[in-house]
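Please keep the sequence and the model in view while reading.

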Amino acid sequence: MQLDVFTLVPHAYAWLTEQRPVAAVLGRSLDLRLLSYRDYTPLRAGQVDDEPYGGGAGMVLRVDVVAAALEAVYGGRPEHPVIAMSPQGRQLTQAIVEELAGCDRLTLLSARFEGFDERIVEHLASDALSVGPYVLSNGDLPAMIVVDAVARRLPGALSEGSGEVESFSRELDGGLEYPHYTRPADFGGWRVPEVLLSGDHGRIASWRKEHVR
Ligand SMILES: C[S@@+](CC[C@H](N)C(=O)[O-])C[C@H]1O[C@@H](n2cnc3c(N)ncnc32)[C@H](O)[C@@H]1O
């Protein structure tokens, strides 16, 4: 997959790209490009945003800047999904993540301050996604959430089997994963359920099935 993120802070993604699962798939099943709006802006002094028409606090990401960036990188509005990260977007779910992970190419647009000029969302993006019903300071944490969630669904991201049975998966009928425990078996009286210590795989599987939430 080629995944492009348009942002004002490409360097902020350094941590993410050093961590698994992103690090494991980079240069293999994932080609991640971190693109700065400032490198493509047609405005002077790297300007990318402006005051809102009608007045009010904050700056708004300009439509001509985003259009110029898409033009420079793709030669126009691309055919593949272009997703604006926005609190007004559809709420991200595992089903959407699976859909995105199936794309050959994907573009994420991040904004900051007051957000996007609405014409970006209406005419340049094909979709808008929210990571939850709360407001963050910029679209980079949301974009990183999408990159991480998508990367872990790509070939080679996880060790064999570990991405199959987990919360929201088909194997758990979309439910939340059963609880996990590790040593010590008894921590000051907080005991691990006996069945998990029994070595009886049939009983353990039944217990886990019963405890899908
Ligand atoms: C401070 S927010 C803008 C909030 C906007 N004025 C509003 O009231 O909805 C700046 C940017 O952060 C990103 N952002 C903030 N919260 C988000 C969320 N829950 N999901 C996705 N993106 C978000 C978006 O790119 C947004 O344009």
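In this predicted model, the largest nonpolar core comprises 30 residues, and Leu3, Leu30 and Leu108 are the members that touch the most others. At least two residues of this core are supplied by each of strand 1 (2-7), helix 2 (22-25), strand 5 (82-91), helix 4 (94-101), strand 6 (105-109) and helix 6 (140-151). Helix 6 provides the largest share, with 7 residues.

The surroundings of Leu3 show how such a member is placed. Residues up to four places away in sequence being left out, Leu3 touches Leu30, Asp31, Leu32 and Arg33, together with Leu106, Leu108, Val147 and Val150. Two of the residues named here, Leu30 and Leu108, are themselves among those that touch the most other members of the core. Apart from this core lies another, of 21 residues, which includes Leu8, Val48, Leu61 and Leu70.

Attention may now turn to a loop. Thr41 is located between strand 2 (31-36) and strand 3 (49-50).

The side chain of Thr41 has two polar partners in the backbone. One is the backbone nitrogen of Leu43, which the side chain reaches at 3.1 Å; the other is the backbone oxygen of Gln47, 2.6 Å from a polar atom of the Thr41 side chain. Once neighbours within four places in sequence are set aside, Thr41 is in contact with Gly46, Gln47, Val48 and Val65. Of these, Val48 is also one of the residues of the 21-residue core.

How values were computed:
Residues numbered from 1 in each chain as written. Predicted model: local features only at pLDDT ≥ 70, side-chain atom pairs only at ≥ 80, totals over all residues. Heavy atoms only, no water. Helix = DSSP H or I, 4+ residues; strand = E, 2+ residues; numbered from the N terminus. Polar contact = N/O pair within 3.5 Å; in protein donor to acceptor, adjacent residues only side chain to side chain. Contact = heavy atoms within 4.5 Å. Core = buried A, V, L, I, M, F, W, Y, C linked by side-chain atoms within 4.5 Å. Buried < 20%, exposed > 50% of the residue type's maximum accessible area, 1.4 Å probe, protein only.
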